[in-house]
Amino acid sequence: MKRQQMRSLVMALMLTTALPTAAAHAQAATASASKPWMNPKLSADQRADLIVAQMTQDEKLTLVFGYFGSNQEKPKFTPHAEARMGSAGYIPGIARLGVPPQWETDAGVGVATQRESSDPYLERTSLPSGIATAATWNPDLAFKGGAMIGSEARSSGFNVQLAGGVNLARDPRNGRNFEYGGEDPLLAGVMVGAQIRGIQSNNIISTIKHWALNGQETNRMTVSSNIADAAARQSDFLAFELAIEQSQPGSVMCAYNRINSVYACESDWLMNEVLKKDWGYKGYVMSDWGATHSTAKAANAGLDQESAYTFDKEPFFGAPLKAAVADGSVPQARLDDMAKRITRSMFAHGLFDHPVVKGPIDFAAHAKVTQADAEEAIVLLKNDGGLLPIAKSAKKIVVIGSHSDVGVLSGGGSSQVFPIGGMAVKGLGPKGFPGPIVYHPNSPLKALQARNPGAQFVYDDGSDPAAAAKAAAGADLVIVFAHQWAAESQDYSLTLADNQDAVIDAVASANAKTAVVLETGGAVLMPWLSKVGAVVEAWFPGANGGEAVARVLTGEVNPSGRLPVTFPASADQLPRPVIDGDNSKPELMVDANYDIEGAAVGYKWFDKKGHQPLFAFGHGLSYSTFGYSDLKTSVAGDTLTVSFKVTNTGKAAGKDVPQVYVGPKGASNWEAPRRLGGFKKVDLAPGASTTVSVSVDPRLLATFDSKAKTWNIAAGAYEVSLGASSRDLGAKADVTLAAKTLPVSYDGK
Ligand code: GLC
């Protein structure tokens with residue numbers, strides 16, 4: 001049976017197997033007009049209080065105990081026919097009260113359908129990786145991408161999407177950096193917050209994850225991220241805080257790792273103190289899959305739902321929780337609060353009023369969304385002599401490596417979306433999790449050929465340096481696609497795998513008109529950089545990544561991506577040159593000392609230590625040029641506003657991302673000389689100008705006092721810098737700020 005026929009059969013099966021259940025729930029919900037909690041005029045809090053008051057103890061316990069969705073072939077995982085094939089999680093509903101089941105799907109780039117052992121992959125649209133969306137510096141695109149994948153989740157019958165990865169890129173080798181929003185709390189918070197808003201615009205819940213300081217994949221289940229309170233609040237916590245304020249995610253997923261030797265999902269500091277008390281978070285905390293380690297300790301520390309209990313050593317929130325409440329080690333009020341938080345989020349995000357019903361997906365429209373994101377994510381790192389865009393006169397173009405003749409790379413693990421049309425290359429990478437290595441069937445080579453019909457294209461697979469160099473000699477242009485797979489549960493090396501450095505070096509030695517296109521999950525080293533004419537970072541560019549790359553290389557799209565992470569010149573520049581731990585010993589109890597850098601993550605560390613990066617945070621070139629002028633500052637109350645003019649001084653229309661950095665003049669207790677205080681993406685025709693105004697959140701001008709639990713702006717002189725990256729700062733303005741103290745509950749309003 002052809003793939004397409006099989007896919008239609010699978011989709012039909014999914015439609016028929018689910019409709020009655022969803023309709024039944026919908027029926028239950030609408031028919032429950034007599035149930036006061038179904039009055040949409042009431043607040044989510046009121047509705048949750050009303051429904052929890054009607055629940056039996058067992059019904060409350062149903063809500064807090066999750067199953068692995070996976071597939072029906074392994075009934076021990078999912079004894080419920082209602083669970084979705086190939087899904088991450090499932091919590092039964094309470095039909096008597098009209099509570100729908102919670103159908104959970106991964107993750108941040110689309111509906112990740114956990115490869116079925118024998119059935120064809122369930123296929124959905126993949127966005128570019130999270131770090132790519134962050135590289136657009138365009139919250140509108142992040143929203144649109146979230147709205148798209150949330151609509152595919154909804155159409156596939158899911159009402160909880162396990163997205164919102166926002167852990168800061170403390171270590172550029174973290175295997176899951178590709179899922180997140182980079183190294184800066186403002187950029188990550190704004191971009192991931194926008195995506196969560198987009199997802200939840202579909203009347204489904206999004207998570208934000210992994211709470212917190214999940215900064216490496218080596219020994220991810222046991223490593224302890226050790227850091228002082230204030231440093232955490234000014235870095236990783238601030239990314240979560242900003243994203244939560246801007247998107248109200250229905251749920252927070254607590255992480256696998258320990259923080260200061262306490263498991264995240266048992267940390268009273270993380271869940272009760274910071275999240276629920278200091279920030280007033282009203283949603284619920286779900287565990288990561290296998291991150292629950294106890295019953296009373298976890299519940300009393302603030303964990304509200306055990307996910308996929310079969311991943312844990314015991315069913316902690318099953319019978320043991322019922323017993324713990326009965327013997328008082330978990331107060332009844334705590335269980336009631338757990339049920340309230342879960343149902344409150346379900347009311348707040350439309351799960352009761354808009355029950356998910358499977359439906360058709362407009363894949364053609366969704367392809368446009370993912371491609372637009374990928375196009376703006378692409379960062380032009382180097383472009384000597386205008387090697388790019390491809391000259392119309394180019395008659396012979398050699399394309400090398402990374403299966404660019406058939407597809408583009410994606411990141412591995414639970415976020416893996418299996419491509420429409422099937423994987424472009426089969427049999428790559430680990431057979432089991434976090435494999436396989438998936439290439440989306442969208443060929444950069446084919447897309448380039450379609451746009452340059454007059455040129456002769458030669459493809460070389462890049463497996464042999466000498467053969468590649470031979471092919472490259474004499475060409476008008478050589479494009480080498482270089483890949484570095486990244487995946488959950490493992491960190492990666494900054495050195496390109498598969499002897500690619502040798503291939504690029506040989507090719508560039510044979511032909512200086514060489515452009516390198518990187519398909520990576522983050523930073524990599526480039527020993528050949530001085531030998532190549534151009535370098536483009538395309539990240540994992542998603543389902544339409546080949547088209548997106550071709551449009552940028554040909555100049556149809558003017559590149560406007562900016563780095564959301566620092567590219568180091570060497571691992572020796574990092575706070576931890578060698579990653580702590582040993583992944584061959586999964587039980588190893590490891591300590592990672594994040595107090596080395598504290599809040600000075602990424603470019604802040606490089607600025608503090610005076611290191612010269614390979615490419616700086618915020619860097620990205622254009623086929624045009626932009627000028628900044630008229631820098632002005634004003635202070636009103638606790639808000640610093642910075643305005644300036646941006647002019648497209650080049651010959652091509654294009655987008656730019658002027659960045660505002662702020663820092664104290666002279667000595668201070670700040671973690672680093674300066675912080676990103678604001679940014680704006682602008683779109684300008686040649687010669688056009690626009691005036692931009694950004695307000696700096698006062699927390700970005702403050703330091704956190706853990707004892708007083710306040711944000712404190714010190715009186716004095718501060719320097720406002722305007723530039724095209726953290727290291728390309730031009731105009732500066734001094735501003736004087738008065739002392740200001742803000743409560744820990746300050747939420748930017
Ligand atoms: C995974 C990941 C988490 C994911 C969950 C469900 O191990 O850590 O991001 O949402 O389990 O697949």
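This is a predicted model: local features need pLDDT of at least 70, side-chain atom pairs count only at pLDDT 80 or more; totals for chains, interfaces and linings use all residues.
How do the residues of the shell around the ligand divide into nonpolar, polar and charged? Four are nonpolar, two are polar and six are charged.

On the charged side we have Asp106, Arg176, Lys209, Arg220, Asp288 and Glu488. The ligand is also surrounded by Leu162, His210, Met253, Tyr256, Trp289 and Ser414.

Some of these residues come with distances. Tyr256 places a polar side-chain atom 2.6 Å from an oxygen atom of the ligand. For Arg176, a polar side-chain atom sits 2.8 Å from a ligand oxygen. Lys209 has a side-chain N or O atom that is 2.9 Å from an oxygen atom of the ligand. And how much of the ligand does the protein bury? Taken alone, the ligand exposes 310 Å², and the protein buries 95% of that.

Now on to the cysteines. The count of disulfides comes to one, and the pair is Cys254 with Cys265, their sulfur atoms 2.2 Å apart. The torsion about this S-S bond is about 110 degrees, so the disulfide is right-handed. Where do the two partners lie? Cys254 belongs to strand β7, residues 251–254, while Cys265 is in the loop between β9 (262–263) and α9 (268–278), so the bond ties together parts that are 11 residues apart in sequence. Both of these cysteines are buried.

Next, a helix for those of you who like packing. Helix α17 runs over residues 545–553, and seven of its nine residues are buried. Those are Gly545, Gly546, Ala548, Val549, Ala550, Val552 and Leu553. What do they pack against? The partners are helices α13 (363–377) and α14 (444–451), together with strands β13 (408–409), β16 (477–484), β17 and β18 (534–537). After α17 comes Gly555, with a positive phi near 90 degrees.

Strand β17 brings us to Asn511, which is in the loop between α16 (500–510) and β17 (514–520). Is Asn511 buried or exposed? Asn511 is buried, with a relative accessible area of 6%, and the cut-off for that word is under 20%. Its side chain reaches the backbone oxygen of Ala472 at 3.0 Å. Setting aside neighbours within four places in sequence, Asn511 contacts Ala472, Ala473, Gly474, Ala475 and Val478.

Another loop residue worth a look is Arg674, between β23 (659–664) and β24 (675–679). Which side chain does Arg674 meet in a polar contact? That one is Asp607, at 3.2 Å. Beyond residues up to four places away in sequence, Arg674 touches Tyr603, Lys604, Asp607, Tyr661, Val662, Gly663, Ser726 and Leu729.

I'll finish with Ala147, in helix α5, residues 139–155. Leaving out neighbours within four places in sequence, Ala147 is in contact with Gly198, Ile199, Ser201 and Asn202.

Conventions: Residues are numbered from 1 along each chain as its sequence is written. Side-chain values use heavy atoms; hydrogens and water are left out. A residue is near a molecule or strand if one of its heavy atoms lies within 4 Å of it. A polar contact is a pair of N or O atoms within 3.5 Å; within protein, one must be able to donate a hydrogen and the other to accept it, and residues adjacent in sequence count only if both atoms are side-chain atoms. Accessible areas come from the Shrake-Rupley method with a 1.4 Å probe; for residues, only the protein chains shown count as cover. A disulfide is a pair of cysteine sulfur atoms within 2.5 Å. Helices (H or I, at least four residues) and strands (E, at least two) are DSSP runs, numbered from the N terminus. Buried means under 20% relative accessible area, exposed over 50%, partly exposed in between (1.4 Å probe, protein chains only). Contact means heavy atoms within 4.5 Å.
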